[in-house]
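The following questions and answers examine a single protein chain. Please consult the sequence and the model while reading.

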Amino acid sequence: MIVKENYPIENSLKLKSKAKFFIELSEETDFNELSLFLKKYELPVLILGEGTNLVPPIFFDGIILKPLFPSIKLSLDNTLISAGASVNWHSFVTFCIKNNINGFENLSLIPGSVGASPIQNIGAYGADVSNLIESVDCYDFVLNKLLKLTAAECDFSYRHSGLKKSSLIVMKINFYANLPVELNLEYKSINLFIKENNINPNDISLTKMSDIICKIRTSVLPDPRITPNAGSFFKNPIVELDSISTEFFNLEDLIIWEYSSTHVKVGAAKLIDLIKDKVQSFDNVDLYKNHSLVVTTNGNSSQDEVLSYASNIQSLVKENFNIDLYIEPTVVI
C-alpha cells in the first residue's frame, strides 16, 4: 500500500483537483493496512479508475483509493474470463475479440477501466456490460472483508448498480467467455453505417464489428486526450410518455424508445439539440460540436463552472419538455 498526500486527482475533464490522501492498492495483503488507515482518519472515500467518468472538486478532503490489479485470465474450461480492475477497458475488449470471445464488440472504445465498468453499468450501441458479467470480486473496506457478488447481487439498472456509492473496491470482474455468437446490429447508427458503406451483414466478424463501432464513436465523440470531456454527461431520461410537455415541441421532434409498459426512454442528446441555442455561454465549458450529450472543457475549468453549465441545460430541458435530466458522471462532493 502506497500513500501519497495532496495528490492530483486524474480526470478526463482536466479539472484541477487534489485529494488529501491518495492510496495505491496492488495486493490483497494491502487491505488490512488500509482498514487501519481508514479507521484512523475517518474521511470520505472515493475509488478511482481512470477518472473518465468523474467531476472532482478543487480539493477533496478525503481519501482516493486506486486499485492496481492488471491481470487477465481465462478459466480452465474457457467459460469465464477474469480481468483486473485496472485493466484498460478497450484493451480488454480487444483481447476478447482476438480470442474470439463475443459480446464485447459493441462496447469498443469506451474510455475507462474494467473496474469502473459495472459500477456505472456502462453501455453503448444496444449493449450493456451487465449482460456479460457472471460475478464481481471485491473488498468491503467497512467490513474489512473479501466478497464475490453475483450479477444479480450487483443490482444492475440503467447506467447504475448497487456498487455505486458503496464501500466496495472492485478487484476483478468475471465475464462470460462462452456466450452464443450473435452480433447486435439493431442500433440505428450501426444500421446506417452498414448501409452507407455497403457492408454485407453476413460478412461482419467480431473484429469488423468492433471496427465499425470505433469508427462511429470517433465520428461523433471527442478523444478525451485531445478535448477534455467525461463522455455522455447526461443519462437518457426514463419517463411516462404523457408527462412530456408538448407546449414548445412535438413528440415527433424527439427520439423516443419503448422502455416498459408504462415508461419510455428519451434521447437526451436530441432534447439538448433542440434548446442548445438558448444555453448560456461559459468561458471554459461548452457542448461538443458533433454531439450535444458531451460537455467539454478547455482544461481551465472547475467543478463549479461545469456544474453551473450543466444546471443551465437541465433548467432549459425542464422548462421546455417537463423532463428532468440527471448527470451521468460521478460528481465528487
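This is a predicted model: local features need pLDDT of at least 70, side-chain atom pairs count only at pLDDT 80 or more; totals for chains, interfaces and linings use all residues.

Q: What span does H6 reach from its first C-alpha to its last?
A: Helix H6 covers residues 303-321, which amounts to 19 residues. At 1.5 Å a residue, 27 Å would be expected. The span in the model is close to that value, at 26 Å.

Q: Which residue follows H6, and what is its phi?
A: The helix runs over residues 303-321. The residue that follows H6 has a positive phi, near 55°, and is Asn322.

Q: How are H5 and H6 oriented, roughly parallel or roughly perpendicular?
A: The axes of H5 and H6 come within 10 Å, and they cross at roughly 90°. Angles of 65 to 115 degrees count as roughly perpendicular. The orientation of H5 to H6 is therefore roughly perpendicular.

Q: How many nonpolar, polar and charged residues has the contact of H5 with H6?
A: H5 contributes Leu271, Ile272, Leu274 and Ile275 to the contact, while H6 contributes Ile313, Leu316, Val317, Asn320 and Phe321. By class, the contact has eight nonpolar, one polar and no charged residues.

Q: Where does Lys14 lie, and is this residue buried or partly exposed?
A: Lys14 is not a glycine, yet its phi is positive, at about 60°. Its place is in the loop between strand E1 (2-8) and strand E2 (18-25). With a relative accessible area of 39%, Lys14 is partly exposed.

Q: What is the relative accessible area of Asn78?
A: Asn78 also has a positive phi of about 60° although it is not a glycine. This residue lies in the loop between strand E6 (72-74) and strand E7 (80-84). Asn78 is partly exposed, and its relative accessible area is 46%.

Q: What is the radius of gyration of the chain?
A: The chain has six helices and 19 strands. For 333 residues the globule rule gives 20 Å, and the value for this chain is close to it, so the chain is as compact as a globular protein of that length. The radius of gyration is 21 Å.

Notes:
Residues are numbered from 1 along each chain as its sequence is written. Side-chain values use heavy atoms; hydrogens and water are left out. Helices (H or I, at least four residues) and strands (E, at least two) are DSSP runs, numbered from the N terminus. The expected span of a helix is 1.5 Å times one less than its number of residues. Axes are lines fitted to C-alpha atoms, for helices over the stretch in contact, and angles run from 0 to 180 degrees between N-to-C directions. Angles under 35 degrees count as roughly parallel, over 145 as roughly antiparallel, 65 to 115 as roughly perpendicular and the rest as oblique. Contact means heavy atoms within 4.5 Å. Ala, Val, Leu, Ile, Met, Phe, Trp, Tyr, Cys and Pro count as nonpolar, Asp, Glu, Lys and Arg as charged, and the others, Gly among them, as polar. The radius of gyration is taken over C-alpha atoms; the globule rule is 2.2 Å times the number of residues to the power 0.38. Buried means under 20% relative accessible area, exposed over 50%, partly exposed in between (1.4 Å probe, protein chains only).
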